[in-house]
Amino acid sequence: MAGAPVSLFIQCLVDTMFPEVGEAMVRVFDRLAIPLTYPDGQTCCGQPAYNSGYRREAAAAARHFIEVFEHAKAVVCPSGSCVHMVRHHYPELFPDDPVMTERAKAIAAKTFEFTEYLVDILGITDVMAEYPGTVTYHDSCHLSRGLGIVRQPRMLLGKVRGLELIEMQDSDTCCGFGGTFSINYPEISVAMVDEKITNILATGADAVVGCDISCLINILGRLSRRGEKVEVLHIAQILAGEKGGDA
Amino acid sequence: MSATTPSNYRTAATAGIASPRLQKSLHGLQNRFGKGAMEIWATMTDQEMRRRVKDARMNTFAHLDIILAELAKNVRTRGGQVHFAATAQDAIAYTLAVAKRHKVNRVVKGKSMTSMEINIDPVLEDAGIEVVETDLGEYIIQLAGDKPSHIIAPCIHLDRNQIGELFEEKLGIDYTNDPPTLTMAARRALREKMLTAEMGLTGCNLACAETGHISLVSNEGNIRMTTTMPPVLVALMGMERVVATLDEHREALQLLTQAAALQKLSTYVSFLGGPAAEDDPDGPKEFHLVIIDNGRSKILADPEFREVLACIRCGACLNICPVYGKIGGHAYNSPYCGPIGGVVTPLLDGINKHADLCKGETLCGACKDICPVENDLPRMLAALRHKLAYGSDLWNTSQHSPAEAYVYSFWKIVIGNPRFFRLMLRTGRFLQRPFVRKNKMVRKMLGFAGGWTKGRDLPPLARQTFAELWKEKYAATRPNPIEGQNEEGN
């Protein structure tokens, strides 16, 4: 077995709605012979509460996360926005508790987004995957602007056999998800995702790929309502070498 | 500023989205100016400049009392008059008194956001004074009895056909949609106003304490006439417009014109240093500078929000915000719209009153990246939501939604208790059954979550969670490689 053991943090939306994305990650790490564990008791990183202003509740979620993952060597997560939450907001959630702040910083330093971990930490861009088809890539906001992860997913996609990446216009414009924003302001949110879909369709790609399931659910939900046939895939599903899936 | 209630924010936003004309204008605006500004930041040789200007702005705020005193002293030395106005009412009363003292019948205005913030026009008009906007965009808005929808491009929501119809009706010219012809018609009408007005009223892009002058940026030359033809000039400035030195002034100005209009320098920059003097006969006979607080001290005093005062009102955040790009400026119901309006309007005019502006964005971060002074607007929007979540004595804010607070306190219990979390999931899987359709999607949800299914389907909860699959398929073959791993079951 090579490399440090990875502790999977499977974002709640992946855990509950798209477990196949988590399984795809397992297959990629298995292929790379990276030892894996899935710490029991993990729930949610607390981002919904934080973004809605409920910092005490978000801090409780952060405390729980820290307890679950404290002993991990590296925490890897298939979601840019959750990693953004852990890395950039956890250290701010305990302003009156220096001990918790230090624990939060320690967790922040060892929590990575999936493609970031592969490319920046492991130095791997070729995961020996195959995907016959054309895809376009959506840059999710917290991943690209928040964490600066733009080239890593593209490097990985670039090495997938048979895959052709067709960039869409404004790939880094927000899809309109925004957490509870999408529920509280559906008219605005749908107008935004419609523009995203226009740009996706213009590429003619078979599938749209991203690193954040939350954006992908938003895009998928609108595509489904509109009756469009484009497939929506998390990048792990591409890198696992499996075409399709239920997504 | 009137309140932004959920219904009027959403209603106005929906109306904006439904207007193909507005969508086209906003798309063109963002494609050109938003992308253009990002390109400038990416390619400018002096990559430290934005940080330097921000640092200078923040440093100024740390000594704002001293620097404003210096500004006032230097303006007065040149024969100008300075009035510190604590409130909007105070600024209005002072300006009105100046107008009355000079028996002013007509005021010509240079574009001023601050004048809209304090809403001075109706008061002057009630006193029998004609108020005429001279910025072309603002003039069009005034003729139409409309409101501006962009900080720099106030009539971005109108196209030339609408403006042609408006000019035909209001200026009595033959209908045309030819922009040069329309501009010339406005110019003729405005020139007469500028030559006959007894008072000019402007804002202030930047004030320089070291030299005691204010600067106004424009592209039409109207500011030059407004500030030199009428015998009396009143300039309104928010107290945060001041910069300490001429060097800092130069850099801030360069950022402003590039961020706002992709220009290294705007067509006109007017430097106003006080009334005309014997050795310098240009300019008004009287020059008044009104330095307005109107809630800014409170922002200054709160470290969480202080940086928003560094804003140089370039409007670049509007040119990139994907929400503004769909809904347009009117939905914000404030002179300050877009992401900057989302932060500054609640702070100046009440967080509860403008709760929708705090909550109605996706926190995507594009505004932070484009801001010439690197203001972290998403951070401040999240901080405003924090005030709404629990209420804040400091900001005189009450808890926005006790029901939402209750939901999150329940959520907190679920998230901290994995067994309960898993139980809730199993319950959800059972309850969702009648809603899942043949295509494996949920088409309609009830209650709070119903907003989602207004225009979208939702994938259902999977038959098995990853946690369950891990236990069933993967865990047994993988001894836990990490010592001391949390063993709590689910």
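User: What is the bridge partner of A:Ser7 in E2(A)?

Analyst: In this predicted model, the bridge partner of A:Ser7 in E2(A) is A:Thr37.

User: How do you know that E1(A) and E2(A) pair, and in which direction do they run, parallel or antiparallel?

Analyst: Two strands pair if there are at least two bridges between them, and two bridges join E1(A) to E2(A), which run parallel. They belong to an open sheet of four strands in chain A, with the order E2-E1-E3-E4 and parallel pairing.

User: What makes strand E2 (36–37) and strand E4 (111–113) of chain A edge strands?

Analyst: Each of these two strands pairs on one side only.

User: Which strands does H2(A) touch where it packs on the sheet?

Analyst: H2(A) touches E1, E2 and strand E3 (74–77) of chain A, and the direction of H2(A) makes about 170° with that of E1(A).

User: How many aromatic pairs are there over all chains, taking rings whose centres lie within 6.5 Å?

Analyst: The count comes to 22 aromatic pairs over all chains.

User: Why is the pair of A:Phe9 and A:Phe65 called edge-to-face?

Analyst: The ring centres of A:Phe9 and A:Phe65 are 4.9 Å apart, which is within the 6.5 Å limit for a pair, and their planes stand at 85°, which is over 60 degrees, so the pair is edge-to-face. The pair also links distant parts of the chain, 56 residues apart, with A:Phe9 in the loop between strand E1 (6–8) and helix H1 (12–17) of chain A and A:Phe65 in helix H4 (residues 55–69) of chain A.

User: Why do A:Phe9 and A:Phe65 count as buried?

Analyst: Buried means under 20% relative accessible area; A:Phe9 has 2% and therefore counts as buried, and A:Phe65, with 3%, is buried by that rule too.

User: What makes the pair of A:Phe29 and A:Phe114 edge-to-face?

Analyst: The ring centres of A:Phe29 and A:Phe114 are 5.7 Å apart and their planes are at 75°, which is over 60 degrees, so this pair is edge-to-face. A:Phe29 lies in helix H2 (residues 19–31) of chain A and A:Phe114 in helix H7 (residues 114–121) of chain A, 85 residues apart.

User: How do you know that A:Phe29 is buried?

Analyst: The relative accessible area of A:Phe29 is 0%, which is under 20%, so A:Phe29 is buried.

Definitions and conventions
Residues are numbered from 1 along each chain as its sequence is written. Chains are lettered from A and ligands numbered from 1 in the order in which they are written. This is a predicted model: local features need pLDDT of at least 70, side-chain atom pairs count only at pLDDT 80 or more; totals for chains, interfaces and linings use all residues. Side-chain values use heavy atoms; hydrogens and water are left out. Rings of Phe, Tyr and Trp (its six-membered ring) pair if their centres lie within 6.5 Å; planes under 30 degrees apart count as stacked, over 60 as edge-to-face and the rest as tilted. Buried means under 20% relative accessible area, exposed over 50%, partly exposed in between (1.4 Å probe, protein chains only). Contact means heavy atoms within 4.5 Å. Axes are lines fitted to C-alpha atoms, for helices over the stretch in contact, and angles run from 0 to 180 degrees between N-to-C directions.
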